[in-house]
Amino acid sequence: MLTAEAAIHRTRRDLMLGIALKVLMPLAVFGCFLVGSESLRLFMLFGVIGGWVALGLSSVRRAQLVAMSPSLIAAGRFEEAEQQIDQAILAFSPFSAAKLRPLHHLALLRHAQRRWQETALLCRELLGHRRNVLRGLSNPARLILTDALLEMGDVRGAYDALTILHREKMSLAEILHLTLLQLDYSARIGAWRSMVENMPGKLQFVELMPTDAAALAQALLGLAARKLGREDWAKWLGDRARLLADAQPLMDQRPMLRELWNSDAPGAGQG
Amino acid sequence: MGWVRSTASFRTDFQFTGFAPTIPTVNPSPVDQFDVAALLEASQPQPRIPWTWYAIGAGIFLAILNRMLAGQSAQIDAALNAVCAIAMAGVLFTLMAISVSGVRAVRSQHQRLDAAAEMIQLRRWPEAAMTLRHLLSEPAKTQPFRTQALVYFSVILARYDRFDDAIAVQEHLLDHEQLDPGSAFGLGIGRAMAMLRQDRLFDADRAISELRRAPGAGDSGGLALLEIYRDVKTGHPVEAIEIFDKKWKLLRDQLGHRVGDAWGLIARAHDLLGHEEQARQAVNNATLLTPPAELLRRYPELEKLTGRYTPAPMPAI
């Protein structure tokens, strides 16, 4: 099992080697036209190009292999996912995307394993690269970084990440994730009023979230409503959340939610 | 702490795909004029021109020509080499340009398809319908793209109650396209649901039996919901309630807010058995999660509950 530090070290080393190769490659091709007899030049040229094509094909094969790891993580098959990701990180590739994607998948895995420190470390390493190199990984990495920072209690760091995310163009799935993170952050700092602003719009997003996320989001909104004295909304949202998830695990995950349900009469449930 | 106070400035109108969420509306059906058979035909990918092989052939031809004409004089040799080098460069450049153009066209189609998928999720049905019609009116660049577009199209058709056409598209996909097991299973559930809406009970029952034989069928919340609907529709409330009680967690974990559909159907099952209190609680739970009008649109059988049980009221803004 690779630690986050080892994975980062290996990725940085391979990225440096990849840059060196990309600089040397045109020089090697140019050198093939200067040195030796005509047949030797042709042989060397084919060798250089063939080597580069072989590296490319190997990268593509590994990328196809590691593309399965998010599905394995979602299915809870962490060991299999870890094996694939470790293989991809340890294999050399001169292409930045082929090196950064396995690192991102390792961050996803550590996030699913609730290892927040390593998640944050890996995401910060990813986000230190240029946007055109990251190619679609920037938003997902920043979203799970924000989540990890909130879990670690680094509210200020989460705020900085949220501020950047609000300037980005995002897919619907990313918007839904961001909405939950924003609610979580606001609840942690007691910004109850901002949580209940534009409630109809927020509820439309919340209803599109996966079950657990929808339950947590509505529970947090219900808590905000209670804090602002809106008992009707607090009960309505609390009942909806309890139809989507058991209350106890939510309260274990976010102890602040005890205030929403412990003072409720038995409401919605399994009927 | 200024950064705490500034949380109130967090935007709620996010910039993505160019539109903001609205309360969903259903306009007069934009799909009434869709010719489904014509769209199935028009969206077939066209055979690709093998540009790469043409380029290789051109390169070999130039090399042979160069060999044949070489050796006459130094000037002719030099001229020939220059012409061949320019021609080869031209062929390679053209090939690159065609590849880049092809990749851009595929990417553009996929972006439009992703936008249609988001419109469906946000229940912006008219926009999703028109986007998919445009996409399916021209040959798809790749077969997987066409398959995905047709899956979304079948969802739109079912949404506008064109169940026969939805079934036709689903059966076309199941019979002619290579689908992964998960997609085929989901499509099968959609088809069986459309059959139930069309009162094709025998066909629906057969389709459900086929789905039950698929690997992992026992862990499917969608299949459980389908079976509950079938049992309520065919007057078997006891069986519907048994399935619900057995698979309650599965339904909740997999369906999200759509578990409200299951509660609505169970309300009808309890109502059929005269269990008023359970029916009342189930109606309350169903309407907590889903607006009553939407439940009635999806399951007209629930009309019989109207006026007898009170939906859960939504608080005032």
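**Figure 1. Contacts of Ile266(B) in the predicted model.** Ile266(B) touches Ala240(B), Ile241(B), Phe244(B) and Ala282(B), with residues up to four places away in sequence left out. Contact means that C-beta atoms, placed from the backbone, lie within 7 Å. This is a predicted model: local features need pLDDT of at least 70, side-chain atom pairs count only at pLDDT 80 or more, and totals for chains, interfaces and linings use all residues. Residues are numbered from 1 along each chain as its sequence is written, and chains are lettered from A, ligands numbered from 1, in the order in which they are written.

**Figure 2. The largest nonpolar core.** This core has 136 residues. Leu220(A), Leu132(B), Ile228(B) and Ile266(B) have the most contacts inside it. Helix 13 (residues 211–227) of chain A gives the largest share, 10 residues. Domain 1 (1–169) and domain 2 (173–271) of chain A each supply at least three residues. A nonpolar core is a set of buried Ala, Val, Leu, Ile, Met, Phe, Trp, Tyr and Cys residues joined through C-beta atoms within 7 Å. Buried means 20 or more other C-beta atoms within 10 Å of the residue's own, all placed from the backbone. Helices are DSSP runs (H or I, at least four residues), numbered from the N terminus.

**Figure 3. Where the two domains of chain A meet.** Domain bounds come from an automatic or database domain assignment. The C-alpha centres of domain 1 and domain 2 of chain A lie 36 Å apart. Contacts join 10 residues of domain 1 to nine residues of domain 2. On the domain 1 side, helix 8 (138–151) and helix 9 (155–165) of chain A each give two or more residues. That side has seven nonpolar, two polar and one charged residues. Nonpolar covers Ala, Val, Leu, Ile, Met, Phe, Trp, Tyr, Cys and Pro; charged covers Asp, Glu, Lys and Arg; the others, Gly among them, are polar.

**Figure 4. Helix 4 of chain A.** The 13 residues of helix 4 (residues 78–90) should span 18 Å at 1.5 Å a residue, and the end C-alpha atoms agree at 18 Å apart. The expected span is 1.5 Å times one less than the number of residues. Ala81(A), Glu82(A), Ile85(A), Ala88(A) and Ile89(A) are buried. They cover an arc of only 130° around the axis, so they lie on the same side of helix 4. The arc is taken from the directions from the helix axis to the C-beta atoms. The buried residues pack against helix 1 (4–32), helix 2 (38–66), helix 3 (69–74) and helix 5 (96–112) of chain A.

Definitions and conventions
Buried ≥ 20, exposed ≤ 12 C-beta atoms within 10 Å, placed from the backbone.
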